[in-house]
Amino acid sequence: MSGRTRLILTAVAIAVASVIFMLYLTHSSYGAPPLRCGIKALTGFDCPGCGSQRAFQALLRGDLAAAWGYNAFALIAAPVAVFLIVVEAGRECWPRFHRAVLSKWTIIAAAAAVAAWWIIRNQ
Amino acid sequence: MEYWIIIDGKARGPYGVADMIRCGVTLSTPVWRQGMTEWVPAGTVRDLAGYFSVNETYHSQQLDYSTPPPSPVDPAARQSCGDSEWRAANGDDDRPPMPSTYLGWNIAATVLCCIPLGIIGIIYSAMTRGRYDQGDYAGARNASKWASVWLILSVVFGLIQGVFVLATNILSLL
């Protein structure tokens with residue numbers, strides 16, 4: 001394992017641990033309110049990510065309906081993002097598959113979906 | 001553009017660039033193509049410059065130019081390199097692998113970091129792919145780099161905001 005790989009793995013592990021810790025710290029049964037989104041506080045608009053924390057907390061509780069209500073886009077985007085990350089991480093092993101999955105239209109669709117979600121949720 | 005290479009003292013070819021790299025060509029491997037007067041190290045061929053990793057070191061002392069260029073090129077002399085299955089699965093096009101677009105990471109950052117900077121990263125993902133399709137591989141690598149820069153920025157600003165918001169939340173509890 002190269003030094004760079006180890007560095008990336010460590011960073012990912014720390015990030016995952018901090019997210020779980022934050023979810024635990026702000027879990028509604030623990031007493032603390034969920035973290036307020038700074039963009040929302042500043043502009044009054046929901047950004048594409050607003051509610052994703054509560055959505056994943058609701059998912060941890062097994063409350064799918066509540067999770068959907070907090071941020072439906074995050075629930076759909078999470079597995080897609082994980083899939084894309086795995087495809088890109090192994091792009092040297094499957095260059096053609098990588099090119100097929102990360103097509104121009106995939107990227108345009110992703111950008112359009114984020115933009116559309118941002119507009120729709122602020123209607 | 002097809003090249004002949006000398007590996008283990010044997011001239012082989014002709015290969016497309018992708019095949020050549022898979023054969024284990026390094027910066028110092030002697031290569032020849034039609035129009036060249038003699039074998040030259042692969043590292044000095046301008047068209048091949050983008051295909052080597054920057055970490056590769058140059059061993060000029062390993063050069064062996066004793067074998068004369070195989071000319072004229074006889075297509076029947078083509079030798080396969082590597083397994084045919086790899087070829088069937090990946091085709092033998094001459095394009096280098098596409099750089100990472102960081103699309104998945106930028107989507108995750110957009111959704112999780114509360115800072116919609118990931119969207120700028122997604123735009124650079126699209127530029128990476130667009131330039132790659134145009135054959136602008138250096139431009140594609142550059143766009144890929146910027147996609148990762150915006151990813152890092154959105155994570156860093158997301159963390160700063162998270163810490164700030166967490167601090168205000170904790171203060172409000174006191």
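## A strand pair in chain B

Strand E1 (residues 3–7) of chain B pairs with E2(B) in the antiparallel sense, over four bridges. Two strands count as paired if DSSP finds at least two bridges between them. Strands themselves (E, at least two residues) and helices (H or I, at least four) are DSSP runs, numbered from the N terminus. Within this pair, B:Ile5 stands opposite B:Arg12 of E2(B).

The open sheet in chain B is formed by four strands in the order E2-E1-E3-E4, with antiparallel pairing. Its edge strands, each pairing on one side only, are strand E2 (10–15) and strand E4 (40–41) of chain B. In general, strands of a sheet pair through backbone hydrogen bonds, either parallel or antiparallel.

## Basis of the model

This is a predicted model, in which local features need pLDDT of at least 70 and side-chain atom pairs count only at pLDDT 80 or more, while totals for chains, interfaces and linings use all residues. Residues are numbered from 1 along each chain as its sequence is written, chains are lettered from A and ligands numbered from 1 in the order in which they are written, and side-chain values use heavy atoms, with hydrogens and water left out.

## The two chains

Chain A has six helices and zero strands, giving the pattern α-α-α-α-α-α along the sequence. Chain A has 123 residues, of which 34% count as buried. Buried means under 20% relative accessible area, exposed means over 50%, and partly exposed is in between (1.4 Å probe, protein chains only). Among the contacts in chain A with a separation of 6 or more, 34% are between residues 24 or more positions apart; a contact means heavy atoms within 4.5 Å. The accessible surface of chain A is about 7,500 Å², and carbon and sulfur atoms hold 72% of it. Such areas come from the Shrake-Rupley method with a 1.4 Å probe, and for residues only the protein chains shown count as cover.

Chain B contains five helices and four strands, in the sequence order β-β-α-β-β-α-α-α-α. Of its 174 residues, 42% count as buried. In chain B, residues 24 or more positions apart supply 62% of the contacts with a separation of 6 or more. Chain B exposes about 9,200 Å², with 60% of that from carbon and sulfur atoms.

## Nonpolar cores

A nonpolar core is a set of buried Ala, Val, Leu, Ile, Met, Phe, Trp, Tyr and Cys residues joined through side-chain atoms within 4.5 Å. The largest one has 21 residues, and the members that touch the most others are A:Phe73, A:Leu84, A:Leu102, B:Leu103, B:Ile107 and B:Ile122. Two or more residues each come from H4 and H6 of chain A and from helix H3 (103–112) and helix H4 (118–133) of chain B. H4(A) gives the largest share, seven residues. A second, separate core has 17 residues, including B:Trp4, B:Ile6, B:Ile7 and B:Tyr15.

Not counting residues up to four places away in sequence, B:Leu103 touches A:Leu84, A:Glu88, A:Leu102, A:Thr106, A:Ile107, A:Ala110, B:Ile122 and B:Ser125.

## Aromatic pairs

Rings of Phe, Tyr and Trp (its six-membered ring) pair if their centres lie within 6.5 Å; planes under 30 degrees apart count as stacked, over 60 as edge-to-face and the rest as tilted. Over all chains there are four aromatic pairs. In one of them, A:Phe73 and A:Trp117 have ring centres 5.9 Å apart and planes at 15 degrees, so this pair is stacked. A:Phe73 lies in helix H4 (residues 64–89) of chain A and A:Trp117 in helix H6 (residues 104–121) of chain A, 44 residues apart. A:Phe73 is buried at a relative accessible area of 12%, and A:Trp117 is buried at 17%.

## A:Trp118 and the cysteines

A:Trp118 also belongs to helix H6 of chain A. A:Trp118 is partly exposed, with a relative accessible area of 30%. Leaving aside neighbours within four places in sequence, A:Trp118 contacts A:Asp46, A:Cys47, A:Pro48, B:Pro116 and B:Ile119. The C-alpha atoms of A:Trp118 and A:Pro48 are 5.0 Å apart, although the two residues are separated by 70 residues along the chain.

A disulfide is a pair of cysteine sulfur atoms within 2.5 Å, and the structure holds zero of them over all chains. For A:Cys47, the closest cysteine sulfur is that of A:Cys50, at 3.6 Å, which is too far for a bond. A:Cys47 is buried at 1% relative accessibility, and A:Cys50 is buried at 2%.
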